[in-house]
Each structure stands twice: as structure tokens, then as C-alpha cells.
Amino acid sequence: MKIYEKDSYQRRNTTVVTASETVEGKHYITLADTIFFPEEGGQYADTGWIRLTDPDQTEGPEEKIRLADGQILQGEIRYLVDRDIPAGTKVACELDWEPRFMRMQQHTGEHILTGVIHNHFGYNNVGFHLSDDSFVTLDLDGMLTAEQISQMELRANEAIYANLPVMAQYPSKEALSAIEYRSKIEIEGQVRLIVIGDEKNPVDVCACCAPHVSRTGEVGLIKVIHFQNYKGGTRLSILCGKRALQYFQAQTQIMTQLSQTFSTSMEKVTACVQNTLEELSNLKYKAAEWKQRELENRIRALPEGENACLFTDADVSGATAKNCFNTLAAGRPGYVGLFMGDDENGYRFHAGSTALDSRALMKRMKEELNAKGGGSREMVQGKLNAARTEIEQFFGTLSNT
């Protein structure tokens, strides 16, 4: 019997192992009666503990065996445990309640939000995933704007404030034919409906196999974290209940730290960050101008010759590097190279010639300096890890190229 379908709050039960097998070193069991929900319908499996209750089949009365997963295989729920438990063993089961209740909050919250959207826009939830370490996602088959999502979020939370009942129902086939309900798949056999609110005017009616809270107030909060266009519809990423609270506690801590850093109120943090980014952008532009002037002065100070190479630090922008390469190459009949970096971390480079085929230079650099990159007749660029002395020696041999 699937106890979790009838009573999602039962945390302990005593039952019997009905089957046991070991496959590739992993131990699996089935239970006559179970409080452990298996992975199904976009939700992870419950975890928990099993105690052996028959003193003849245990090393000690306090022995606990970990139940780590539950999967449905050929219509049977098979649980992964960390040691063999023979069929026929009496066991006492204990559910990991905190993750179960957290998932109940997320799942019921998703039903509420999807229900209000379905009632208002007629959209269906065509995809759902409840993650323990990321956002809960639900995929709708219609497009929503930011304003519409905000309105639906408010309506969903108003359903929480109303503390409406959440009921599991098992209608007959005849009764089911007269009920309008949501379902992503065709269901064979008995259909389990989760009804939220007044049966005559419900917030949501949906076919679902998972445990849920008994009243909407237990969800606590529904918050849409972000949304995106997805496969012609809308993907919403949400958090509910305790996980939503933890998320906003973390966000508040970040905002508090930022407001302290900028010596301003939380309301003014965004403006302060934007002003700082503008100042940084201006400083980067001025630094790039200074760097280009400094490199151009060094280029003019180089002795005249057929080939030349110049070394500088790694923080040269792409635009500055290209401009300085052009200045370095101008008026030289041979090959030139601008190398940015150091011996320890390697060098980025722009190299080539205004008169010769730069691709020939690239070929030699790959062969002799293990360079990686490519380019055109006029210029090649890439990376290499050779030492500066090796690069200088290499350019010193290019006079006859």
C-alpha cells in the first residue's frame, strides 16, 4: 500500500520486506506498505532509514539501514538500501521529513501557480521539474509578459493567505468524465486528483501522484525568481516556502553588504552600482588610451630593422593590441610581433607583416614555438607558452624568411 498517497504526513510505519535482490553490488528491496515516495512526476524520491525489528535478524536493536532512493520498475517500487535485507524481514521505517516537507511545499505551490494561470489564460503546464538544489521549473504552453506573471504570482499568494484545503480525491471513471482537470499524460487505472480550494470553484484540479500539504497556508510563499521564453511558451523558475525564505535571506544579506560598502540605503544600491560601473568603464577607456600611447612610444623607440617584436603585460585590450600591431608593422619589410603576457602564464600575440604572408610566419611559430592560432595574410593571432628569450631568438632568425 502506498501510504504517502493517503497520508503525506505519516513519518513512520512498520511493514515487511516483500522482495530483495542484489544487482551489481547494489541492494534493492520492496515493501508491503510504504511511506517513501519514489521518483515520479518530476519529483525526487524520498530518503530515510530502516530499522530491523526482528531481533533474530539484526546484530543490535539500534541497527539502522539507509534508504537512499526509490524507483518504479515494471510497476513495482524498488528501494535502494545500503545492505542486504532478506525478504520476509520485519522493518520499522522512518522518513527524512525535512526534505519531504520542502518538496511538498514546492509541489503544492507549483499547482497553485499553474492553476491560477490555467484559470486565467487557459495555458497548460507541459513540463515540471522539482530540484532540491536549484529552482523549481514549470513550462507553460503560452507566452506571458512580466506584468502578467506578477499578477499571477499575486493571485497565487492570495490563495496561500486564504489557507484553502488541499485534498486528494479518487473519483470513479464515471465521475471523472464530468470533472475538468489538468493532466500532462493519459492515465490508465485509478486517477488521483489533487483539488485545491472549494470543489465548486477550485483554484486547481490536477492529476498527481505526489504528496502535498493539507492546506495552502503551509506553502508559506510562492515567488517567481525569473522567467524566459521556452519552446514557444514560457518557463518559470520558482521557489516556495522555506526555500523561498532562504533565498531572500541570502539576497537580503547581499544587499545589506552592498549598501554598507557603498554607504547608502538598499533602495539606492542599484544606482550606486550603475554609477560605479560607468566610472570603471571610463577609467578602463582612459587606461587603454594611456596603454596605447605608452606602447606606441616604445615602438617608436625600437631600432630600425627588418623584423621586430615587442613585449608587454597581459591586460592589453584586443583593440589596443591590433592598433599597436599596425603601428609596429608599418614601414618594416619583415615580420613583427606584439606579445602580451609573461613566461609563467604564456603569451597572447598579434604577429605578421604588411609585405609578407603572415600565414607562413604562423606555420613556423607552430613548428618552432608550439604556438596555437591562425589568421589571414595580413595578421595572425593566438597563444604560446615559449619563454621570451626563445621568442626573441626566433624573430632574430627571420631575416632570410
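**Exercise 1. At what angle do helix H8 and helix H9 pack, and how far apart are their axes?**

Before the solution, two remarks on the model apply: it is predicted, so that local features need pLDDT of at least 70 and side-chain atom pairs count only at pLDDT 80 or more, while totals for chains, interfaces and linings use all residues. Residues are numbered from 1 along each chain as its sequence is written, and side-chain values use heavy atoms, with hydrogens and water left out.

*Solution.* Helix H8 (residues 358-369) and helix H9 (residues 388-396) then pack at about 135°, their axes being 12 Å apart. H8 and H9 are therefore oblique to each other, given that angles under 35 degrees count as roughly parallel, over 145 as roughly antiparallel, 65 to 115 as roughly perpendicular and the rest as oblique. With contact meaning heavy atoms within 4.5 Å, H8 contributes Leu-361, Arg-364, Met-365, Glu-368 and Leu-369, and H9 contributes Glu-390, Ile-391 and Phe-394. By class, the residues of this contact comprise five nonpolar, no polar and three charged.

**Exercise 2. Describe how H2 and H5 cross, and which residues meet.**

*Solution.* The axes of H2 and helix H5 (residues 241-261) come within 7 Å and cross at roughly 90°, which makes H2 roughly perpendicular to H5. In H2, Glu-98, Met-102, Gln-105 and Gln-106 meet Gly-241, Lys-242 and Arg-243 of H5. Sorted by class, the H2 contact with H5 holds one nonpolar, three polar and three charged residues.

**Exercise 3. Locate the largest nonpolar core and follow one of its residues.**

*Solution.* A nonpolar core is a set of buried Ala, Val, Leu, Ile, Met, Phe, Trp, Tyr and Cys residues joined through side-chain atoms within 4.5 Å, where buried means under 20% relative accessible area (1.4 Å probe, protein chains only). The largest such core has 51 residues, and those with the most contacts inside it are Ile-50, Ile-112, Leu-113, Ile-117 and Leu-236. Its largest share, six residues, comes from helix H2 (residues 97-121). Setting aside neighbours within four places in sequence, the contacts of Leu-236 include Leu-113, Ile-117, Val-136 and Phe-227.

**Exercise 4. Where does Pro-333 lie, and what does Pro-333 touch?**

*Solution.* Pro-333 sits in the loop between helix H7 (318-329) and strand S15 (336-342). Not counting residues up to four places away in sequence, Pro-333 touches Gly-305, Glu-306, Ser-353, Ala-355 and Leu-356.

Notes:
Axes are lines fitted to C-alpha atoms, for helices over the stretch in contact, and angles run from 0 to 180 degrees between N-to-C directions. Helices (H or I, at least four residues) and strands (E, at least two) are DSSP runs, numbered from the N terminus. Ala, Val, Leu, Ile, Met, Phe, Trp, Tyr, Cys and Pro count as nonpolar, Asp, Glu, Lys and Arg as charged, and the others, Gly among them, as polar. Buried means under 20% relative accessible area, exposed over 50%, partly exposed in between (1.4 Å probe, protein chains only).
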